[in-house]
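Please look at the sequence and the three-dimensional structure shown here. The paragraphs after them lead through the chain step by step.

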Amino acid sequence: HSGLLSISACFEEYLDIKSCILFLFVFLLIIDIMTNNNLKNFPPGPKPFPLLGNVFTAVDISEIDKLAEKYGPVFSLWRGRENTVFVSGYKMVKEALVNQGENFADRPVVPLFDKVYQGLGLALTNGYQWKKHRRFALTTLKNFGMGKNTLESFILEENRFLYKAFKEEHGRPFDPHFLLNSAISNVICSMVFGHRFEYNDPRFQDILRRTDETFLLIGSLRAQLYNVCPSIMKFLPGPHQTVFSNYKKVKAFLKEEIENHRKNWDPSNSRDFIDTYFEEMEKKKDDIPAGFHETNLVICTLDLLEAGTETSATTLRWSLLYMVKYPEIQIKEKVQAEIDRVIGKERQPSMADRVHLPYTDAVIHEVQRMGNIVPLNVPRMTTKDTTLGGYFISKGTAVITNISSVLFDKNEWETPDTFNPKHFLDSYGKFRKRDAFLPFSAGKRVCLGEQLARMELFMFFTSFLQQFTFCAPQGVDVSLEAQMGFTLSPRPFKICAIPR
C-alpha cells in the first residue's frame, strides 16, 4: 500500500512539473505574440516563429539584400525576443548615420562580444565613458603621429621591411596574408607599444593568427547562436569557445606588454599610447564613471590592435588580387606608369604625392568599394524613440546599417558591380570624392582610425606597385570569391611579386 502511495505521489509530482513547464511555455508564447502584435508602425519583416523569432533566417549580404527588396530599405528581424532593424541604400543609411546621427549613436549589448570586452574599450561602450575614451584616443593617436609626418615615417620604415620580405620570395608563388598582417599591425604597435615586432617573432605571429582565426569564426552561424541563447551555449562546444580561448591568449599578451611598460614608466616622458593612458589614469582617478583603469587599458589596446590591423591588411590583400586580375590597370599606362612619372623609382612615396596620383588614388578607393570589408557595419542602437523611413523605432533597438548596399547602390554608381576606377575620376581625369563612399561608416561612430587607414592604404599600395609587378602563378586563375567572417576577406591565394 505504501509503495502504491509512493508511486502515486511521484506521478502527481511529475504531472505538476509537466503542468508548470506547459504553463510557462504557453505564458511565454502569449507574451511573445502580444509583443509582436502590439508594435505599432514598426518596420516590417518576415513573420517570426513564436519564441525563436527569425533565428532560421541567415544574416548574410545576399539574404539581407533580398529582404530589403521585398520589405523596403527599413525592415526588421527578430532574434528570439529581441528585434533588430536593418537599413539599406545610401539615402536611408545617410539619414540614420548622419542626419539623425545622435539618435543612432549607441552600441547594443552583443553577448559574444560582451563576454570578451566586458562593457569596456573604445568601440562597444556608450555614454560618458565612451565619449571620454574616444576623445582621449583621438587626441593621443594624433599626438603620436596620426596625420603627421611621424606617422609617415612609421609606415615608410615598415614598408622597407615588407619590401625585403617580398623580395626574398624571388618571384616565386607565395601567400602574402601574414606578411601584410605583420606590416600593418606593426604600424599601430609602434604607436601603442612604442616598438615593432620582427616578422618571425613567434609570440607576435601567434597573436596575429589567433586574431585572424577569431575574425573568421565570429561570422559563422554556429558562433552567432551564442548571441541567441548564451546561457545554454556557454556550456556547449563550438566555435564560440575557440573565440573565447583566442581572446584570452591575446589579452594575456597585451597585459604582459602593459606590465612591462609599468616597470619602466617615466611620467615625464610618454613614449606611446600605453604611457599616455597611465597619465590619464592618474588625472582621472577621481572621475570613476570615465573608467580609466588598467582593465580598460587592456580592452582599449585590444580595440586598437584589432581595428588597426584587420581592415587595412585585408584591403591590401584585395588590392593585390585586383591588380593580378586586371593587369591592364596595373601596368599598361595606368598605375605603374603614373607612379613612374610622378615619383620615379629612386625615392619612396609620401602623402604629398597623392594629389598628383589621381588614377592610383582612384584604384585604391575602388578596391575599398569592391572589397566591401565590413558589409553590415558594426551594430548601432537607438538612443531614444525615433522615426526612420516613416517607421517608428523605439529607444534601445539594435540597428544594422547595410554598408554593402551603399557601396553598390545602383542609384549612386555608374557600374556598381564592375571594378571601375573611373567611379572616382572626373571627365578631366582628376580625383573626385563620392558621397556614397562609406567604407569607414559615418556619423558619431565613424571609424576611429580612418586617417591612419587612408595613409597606410595609399603609401603601402603605391610602394607595392612602384617596386613590384604582381601576377598569378603559372596556370592559375586567381579568384575574387570572398569568405565571410566578421569582415569580408579574400580566400587564401598565392601570387608572384616580380621586382621591377
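The term pLDDT denotes the predictor's confidence in each residue, from 0 to 100. This is a predicted model, in which local features need pLDDT of at least 70 and side-chain atom pairs count only at pLDDT 80 or more, whereas totals for chains, interfaces and linings use all residues. Residues are numbered from 1 along each chain as its sequence is written, and side-chain values use heavy atoms, with hydrogens and water left out.

The protein chain has an average pLDDT of 90, and 89% of its residues score at least 70. Helices (H or I, at least four residues) and strands (E, at least two) are DSSP runs, numbered from the N terminus. Confidence is lowest in helix H1 (residues 2–37), with a mean of 48, and highest in helix H17 (residues 358–371), at 98. Over residues 20–34 the pLDDT is below 50, and beyond near neighbours in sequence this stretch has 9 contacts in the model; a contact means heavy atoms within 4.5 Å.

In soluble globular proteins, nonpolar side chains tend to be buried together. A nonpolar core is a set of buried Ala, Val, Leu, Ile, Met, Phe, Trp, Tyr and Cys residues joined through side-chain atoms within 4.5 Å. Buried means under 20% relative accessible area, exposed over 50%, and partly exposed in between (1.4 Å probe, protein chains only). The largest nonpolar core holds 120 residues, of which Leu162, Phe166, Phe273, Val363, Phe460, Phe464 and Phe470 touch the most other members. Helix H7 (residues 177–192) supplies the largest share of this core, 10 residues. A second, separate core of 9 residues includes Ile64, Leu77, Phe86 and Leu376.

Leaving aside neighbours within four places in sequence, Val363 is in contact with Met323, Ile329, Val335, Phe419, Pro421 and Phe461. Val374 lies in the loop between H17 and strand E3 (380–381). With a relative accessible area of 19%, Val374 is buried.

Rings of Phe, Tyr and Trp (its six-membered ring) pair if their centres lie within 6.5 Å; planes under 30 degrees apart count as stacked, over 60 as edge-to-face and the rest as tilted. The whole structure contains 32 aromatic pairs. Tyr322 and Tyr326 form a stacked pair, 6.3 Å centre to centre with 10 degrees between the planes.
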